Amino acid sequence: SHYDFLGVTSNKVSAMVRKHVLRHGRYEMVCEDPSCSTKTRQLSVAGCVCLQRGCKGVMKPLYCAQELDTQIKYIKSLFDIVHCHKQYEKTCQTSSTVDIVQLSEVRKTISGHDQELAEALCDRLKSTLSRSAYNTIDSSLFTRLFQLSSQ
């Protein structure tokens with residue numbers, strides 16, 4: 001049934017997201033110098049300098065928060081029907097010979113159960129993204145910023 005498929009798909013998507021979150025959570029750093037390429041989870045007390053003796057490179061995260069955020073947004077976009085239709089319209093605009101099918105027509109071709117499934121998965125991923133502070137600006141930033149500028 002569709003609910004079984006929702007359960008299986010939801011578990012697969014959750015596992016994919018968890019894999020990427022864990023990858024980010026390892027805090028692995030890699031030297032940006034291609035001749036060194038040292039990988040470590042340690043940080044120098046001198047900042048982001050490479051821990052390899054004699055290397056002048058800088059350590060950078062192997063998988064940063066931006067990459068994690070982008071990956072989760074990509075997975076969400078796979079289940080977002082409106083987003084998919086917008087992408088379809090963009091590709092059709094480059095080719096003048098193709099007639100654009102309206103979103104309402106596309107929705108008619110997708111069964112109600114499949115639309116519910118896609119919406120449920122999309123909402124679940126939106127919830128995951130909303131818990132991330134990556135795209136959120138804390139209001140205390142503005143308070144501190146404007147207090148410093150007025151002094």
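This is a predicted model: local features need pLDDT of at least 70, side-chain atom pairs count only at pLDDT 80 or more; totals for chains, interfaces and linings use all residues.
## Helix 1 against helix 5

Helix 1, residues 2-25, packs against helix 5, residues 112-130, at an angle of about 25°, and their axes lie 10 Å apart. Angles under 35 degrees count as roughly parallel, and the two helices are therefore roughly parallel to each other. Their crossing is right-handed.

Helix 1 contributes His2, Tyr3, Phe5, Leu6, Thr9, Ser10, Val13, Ser14 and Val17 to the contact. From helix 5 come His113, Asp114, Glu116, Leu117, Ala120, Leu121, Arg124, Leu125 and Thr128. Classified by residue type, this contact comprises nine nonpolar, six polar and three charged residues.

## Helix 2

Helix 2 covers residues 65-79, a run of 15 residues. At 1.5 Å a residue it should span 21 Å, and the 22 Å separating its end C-alpha atoms agrees with that expectation.

The buried residues of this helix are Leu68, Asp69, Ile72, Ile75, Lys76, Ser77 and Phe79. The list includes the charged residues Asp69 and Lys76. The buried residues of helix 2 pack against helix 1, helix 3 (81-94) and helix 5. An α-helix has 3.6 residues a turn, so residues three or four places apart point the same way.

## Gln115 in helix 5

Gln115 is located in helix 5. Its relative accessible area is 18%; because buried means under 20%, this residue qualifies as buried. When neighbours within four places in sequence are set aside, Gln115 is in contact with Ile81, Arg107 and Ile110.

Methods: Residues are numbered from 1 along each chain as its sequence is written. Side-chain values use heavy atoms; hydrogens and water are left out. Axes are lines fitted to C-alpha atoms, for helices over the stretch in contact, and angles run from 0 to 180 degrees between N-to-C directions. Helices (H or I, at least four residues) and strands (E, at least two) are DSSP runs, numbered from the N terminus. Angles under 35 degrees count as roughly parallel, over 145 as roughly antiparallel, 65 to 115 as roughly perpendicular and the rest as oblique. A crossing is left-handed if the near helix is turned anticlockwise from the far one by less than a right angle, and right-handed if clockwise. Contact means heavy atoms within 4.5 Å. The expected span of a helix is 1.5 Å times one less than its number of residues. Buried means under 20% relative accessible area, exposed over 50%, partly exposed in between (1.4 Å probe, protein chains only).
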